[in-house]
Amino acid sequence: MRAREMLNKIKWHPDYHEDEYTVTYLHRGAPNDEISIPFTRIESLCTSDFMLLDDDGIETYIPYRRVLRVLDANGRTAWEKRSPKHRT
């Protein structure tokens, strides 16, 4: 499963609840080059990226390829990007 599929599942599947997930993505310059946000911060899921809206109303688009992991409410990994050596 790819990041886009996982995020869409959280958004649309009745068994998943948006407020129970955290998304971590690659962000150069942040501590460990990662930022984690509550799923509820995601305004929309697009074809190749998702959109965040900050407090000033500024849109930021994050490509799905930068998503590193998704954690559930208990901090367990619900989805994690596979390393390149695992790709077929």
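Mentor: Let us begin with the aromatic pairs. The model is a predicted one, and a search of the whole structure finds three aromatic pairs.

Trainee: What makes Tyr25 and Phe50 an aromatic pair, and why is the pair called edge-to-face?

Mentor: The ring centres of Tyr25 and Phe50 are 6.1 Å apart, and rings pair if their centres lie within 6.5 Å. The planes stand at 80°, and an angle over 60 degrees counts as edge-to-face.

Trainee: How do you know whether Tyr25 and Phe50 are buried or exposed?

Mentor: Buried means under 20% relative accessible area. Tyr25 has 5% and so counts as buried; Phe50 has 0% and is therefore buried too.

Trainee: Why is the pair of Phe50 and Tyr64 called tilted?

Mentor: The centres of the Phe50 and Tyr64 rings are 6.1 Å apart, and their planes make an angle of 40°. Planes under 30 degrees apart would be stacked and those over 60 edge-to-face, with the rest tilted; the pair is therefore tilted. Phe50 is in strand β4 and Tyr64 in the loop between β5 (59–63) and β6 (67–71), so this pair ties together parts that are 14 residues apart in sequence. Both Phe50 and Tyr64 are buried.

Trainee: What links Tyr25, Phe50 and Tyr64 into a cluster?

Mentor: Ring pairs link these residues, Tyr25, Phe50 and Tyr64.

Trainee: How do you know that Lys11 lies over the face of Trp12?

Mentor: Lys11 is at 5.6 Å from the ring centre of Trp12. The limit for the distance is 6 Å, and the charge must also be within 35 degrees of the ring normal. Lys11 is accordingly described as lying over the face of Trp12.

Trainee: What makes β4 mostly covered?

Mentor: Four of the five residues of β4 are buried.

Trainee: How do you know that β4 pairs with β3 and with β5?

Mentor: Two strands pair if there are at least two bridges between them. Three bridges join β3 (residues 42–45) to β4, and five bridges join β4 to β5. Both pairings run antiparallel. Ser44 stands opposite Met51 of β4, while the bridge partner of Met51 in β5 is Tyr61. Leu52 has Thr60 as its bridge partner in β5.

Trainee: What lies between the strands of each hairpin that involves β4?

Mentor: The hairpin of β3 and β4 has three residues between its strands. The hairpin of β4 and β5 has five residues between its strands, and Gly57 in that turn has a positive phi of about 80°.

Trainee: Why are β3 and β5 called edge strands?

Mentor: The strands form an open sheet of three in the order β3-β4-β5, with antiparallel pairing. β3 and β5 each pair on one side only, and they are the edge strands. The twist averages 25° from one strand to the next.

Trainee: How many bridges join β6 to β7?

Mentor: Three bridges join β6 to strand β7 (residues 77–80), and these strands run antiparallel. Arg69 has Glu80 as its bridge partner in β7. Five residues lie between β6 and β7 in their hairpin, and Gly75 in the turn has a positive phi of about 80°.

Trainee: What is noted about the phi of Asn32 and of Asp33?

Mentor: Most residues other than glycine have a negative phi. Asn32, however, has a positive phi near 60°, and the phi of Asp33 is also positive, near 60°.

Trainee: Why is Asn32 called exposed and Asp33 partly exposed?

Mentor: Exposed means over 50% relative accessible area, and partly exposed lies between that and the 20% limit. Asn32 has 71% and is therefore exposed; Asp33 has 29% and is therefore partly exposed.

Trainee: How do you know that the radius of gyration agrees with a compact globule?

Mentor: A compact globule of 88 residues would have a radius near 12 Å; the chain has 13 Å, which agrees.

Notes:
Residues are numbered from 1 along each chain as its sequence is written. This is a predicted model: local features need pLDDT of at least 70, side-chain atom pairs count only at pLDDT 80 or more; totals for chains, interfaces and linings use all residues. Side-chain values use heavy atoms; hydrogens and water are left out. Rings of Phe, Tyr and Trp (its six-membered ring) pair if their centres lie within 6.5 Å; planes under 30 degrees apart count as stacked, over 60 as edge-to-face and the rest as tilted. Buried means under 20% relative accessible area, exposed over 50%, partly exposed in between (1.4 Å probe, protein chains only). Helices (H or I, at least four residues) and strands (E, at least two) are DSSP runs, numbered from the N terminus. Axes are lines fitted to C-alpha atoms, for helices over the stretch in contact, and angles run from 0 to 180 degrees between N-to-C directions. The radius of gyration is taken over C-alpha atoms; the globule rule is 2.2 Å times the number of residues to the power 0.38.
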